[in-house]
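Me: I'd like to learn how to read helix packing. Can you walk me through it with an example?

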Amino acid sequence: MLTVLSMTYYWLKAGHIIFVIFWMAGLFMLPRYFVYHQEAPEGSPENAVWTEREGKLLKIILWPSMTIVWVLGLLLAVTTGALTQPWFLAKLLLVAALSGYHVWLAGYHKSLARGERRLTGKKLRLLNEVPGIAAALIVVLVVIRPF
């Protein structure tokens, strides 16, 4: 029985890491798509293509990946007893913030689809750094466990 549980842990961990990679890739791509989208003339065929690409990225990669990351991550936390550990709670806070960022990006996609261009390309390029900073902090929390 112990062998089955330990193998389950490794499969959960592998799946979690795989879907974190997919999710992060999408979080890096979407703001870059927004930059290109905003550079396309409103009402142009190119504008419509960017709207479609963003929608597909959200629907096919981002939403499913985020959901699976949360499910597998919480299963791992329960399996390992991490739910009460300070490093895990800090990680959980960062993942929740990253999820909020994801939701905000999805909302911005809808705004762009309606023709609302609230941010400059420069601001969108800066926003592209959010997932990288969050990922670096999360990796330090998981690997180093500073508290």
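Me: Which residues in α3 meet which ones in α5?

Reply: Start with the contact lists, and keep in mind that this is a predicted model. From α3 you get W87, A90, K91, L94, V95, L98 and Y101, and they meet V130, P131, A134, L137, I138, L141 and V142 of α5. Sort that set by class and you have 13 nonpolar, no polar and one charged.

Me: Okay, and at what angle do α3 and α5 pack?

Reply: Check the angle and the axis spacing together. Helix α3 covers residues 86-113 and helix α5 covers residues 130-144; the angle between them is about 165°, and their axes are 9 Å apart. An angle over 145 degrees counts as roughly antiparallel, so α3 is roughly antiparallel to α5. As for handedness, α3 and α5 cross in a left-handed way.

Me: What about α2 and α3: how far apart are their axes?

Reply: The axes of α2 (residues 45-80) and α3 lie 11 Å apart, with a packing angle of about 165°. That's why α2 and α3 also come out roughly antiparallel to each other. Their crossing is left-handed.

Me: Which residues of α2 and α3 meet there?

Reply: On the α2 side you'll find T51, E54, G55, L58, L62, W63, M66, W70, L74 and A77. Their partners in α3 are F88, L92, V95, A96, S99, H102, V103, A106, H109, L112 and A113.

Methods:
Residues are numbered from 1 along each chain as its sequence is written. This is a predicted model: local features need pLDDT of at least 70, side-chain atom pairs count only at pLDDT 80 or more; totals for chains, interfaces and linings use all residues. Side-chain values use heavy atoms; hydrogens and water are left out. Axes are lines fitted to C-alpha atoms, for helices over the stretch in contact, and angles run from 0 to 180 degrees between N-to-C directions. Helices (H or I, at least four residues) and strands (E, at least two) are DSSP runs, numbered from the N terminus. Angles under 35 degrees count as roughly parallel, over 145 as roughly antiparallel, 65 to 115 as roughly perpendicular and the rest as oblique. A crossing is left-handed if the near helix is turned anticlockwise from the far one by less than a right angle, and right-handed if clockwise. Contact means heavy atoms within 4.5 Å. Ala, Val, Leu, Ile, Met, Phe, Trp, Tyr, Cys and Pro count as nonpolar, Asp, Glu, Lys and Arg as charged, and the others, Gly among them, as polar.
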